[in-house]
Amino acid sequence: MPALTSLSMRGAGRIRLLAALLAAPALALAASPASLHTETLADFRNGPLPASRSAAALELHLTTEHSPPASMLVEGRVGGRETDKLREMLERSDIPHSFDLLPWKRAYTLAQHAPHTCVYSTARTPEREALFKWVGPTDVSEWVLMGRADARLRLRSLDDARNLRIGTYNGDAREEYLQARGFRVEPVASDALNPQKLLLKRIDLWAVGMRTGSQLLAQQKLTGKIVPLLVFHRVKVYLACNPSVPDRLIERMNASLDEMRQDGSFQRLDRKYEKWTTPN
């Protein structure tokens, strides 16, 4: 597991973030190529913020998970399609910001408990509506039930999976959705564990979120071993912000996203990652 890389910790905002992290329950780290990474606005601009601006402006802290090509490390900093959209939106909105790449449960819990913290890409569900202030949407996610290729399962509807064991992971919207409807879910600390559990027949299905350009099966060398069986839900994903984030900033960020949709920036950033493939 890589060690936490601290590129910058500035001011009271970082102190509050650290305090919130220490106060939250201990969470297991997910297995991913970059489970912890921190960067700040100063890193993007190759220098510190002007003193007058950094003293007066509230800094937003954005957390996310490793989920290529939407969010991932790119040449040592947090990048990816959704990250690029949000970074440009924040720059247009003139809002100082920092990014962390973390295991999903930790990223999500920080946004719930730490002031001025937001998490992406977050499915906006009725269960979560009142927990956050919402910026977006930035993408659409298809929720897919995956199975072993050799099992030859046939699913015509979600109800066909009611008596099967479905692998999910802690804090994920699919876990919440399926549990609320009485399905047999078996959550784990990291979604990276579910493909192996499926291949070992410890679960019957794996509930996966597939976003635009996702190459999940190829990325994990699962093509031909695990196959999609049923798209059981579609949901829009957002930047979900702690309620402490002022309404004026939420409005400003949504306005910038609207502007980006209208001027073609969303399409430009989507095209940038159309041919993205997992590095060898």
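Analyst: In this predicted model, helices α4 and α9 pack with their axes 9 Å apart, at an angle of about 115 degrees. Their crossing is right-handed. On the α4 side, the residues in contact are Lys85, Glu88, Met89, Leu90, Arg92 and Ser93. On the α9 side, they are Arg252, Met253, Ser256, Leu257, Glu259 and Met260. Sorted by class, this contact of α4 with α9 holds 5 nonpolar, 2 polar and 5 charged residues.

Helix α4 also packs against α10. The axes of α4 and α10 come within 9 Å and cross at roughly 145 degrees, and this crossing is right-handed. Here α4 contributes Arg81, Asp84, Lys85, Glu88 and Arg92, while α10 contributes Ser265, Phe266, Arg268, Leu269, Asp270 and Lys272. The contact of α4 with α10 has 8 charged residues, along with 2 nonpolar and 1 polar.

The next step is the nonpolar interior. In soluble globular proteins, nonpolar side chains tend to be buried together. The largest nonpolar core of this chain has 22 residues. Met89, Leu90 and Met253 are among the residues with the most contacts inside this core, and so are Leu62, Val135, Leu239 and Cys241. Several elements each supply at least two residues of the core, including the helices α4 (81-93), α9 (247-262) and α10 (265-272) and the strands β2 (60-64), β5 (97-101), β6 (117-123) and β11 (226-241). Helix α9 gives the most, with 5 residues.

Val135 shows how these parts come together. Leaving aside residues up to four places away in sequence, Val135 touches Met89, Tyr238, Leu239, Cys241, Ile250, Met253, Asn254 and Leu257. A second, separate core has 18 residues, with Ile166, Tyr177, Ala207 and Val235 among them.

Of its 280 residues, 50% are buried. Helix α5 (residues 104-113) is mostly covered, with 7 of its 10 residues buried; Trp104, Tyr108 and Leu110 are among these.

Note on methods: Residues are numbered from 1 along each chain as its sequence is written. This is a predicted model: local features need pLDDT of at least 70, side-chain atom pairs count only at pLDDT 80 or more; totals for chains, interfaces and linings use all residues. Side-chain values use heavy atoms; hydrogens and water are left out. Buried means under 20% relative accessible area, exposed over 50%, partly exposed in between (1.4 Å probe, protein chains only). Helices (H or I, at least four residues) and strands (E, at least two) are DSSP runs, numbered from the N terminus. A nonpolar core is a set of buried Ala, Val, Leu, Ile, Met, Phe, Trp, Tyr and Cys residues joined through side-chain atoms within 4.5 Å. Contact means heavy atoms within 4.5 Å. Axes are lines fitted to C-alpha atoms, for helices over the stretch in contact, and angles run from 0 to 180 degrees between N-to-C directions. A crossing is left-handed if the near helix is turned anticlockwise from the far one by less than a right angle, and right-handed if clockwise. Ala, Val, Leu, Ile, Met, Phe, Trp, Tyr, Cys and Pro count as nonpolar, Asp, Glu, Lys and Arg as charged, and the others, Gly among them, as polar.
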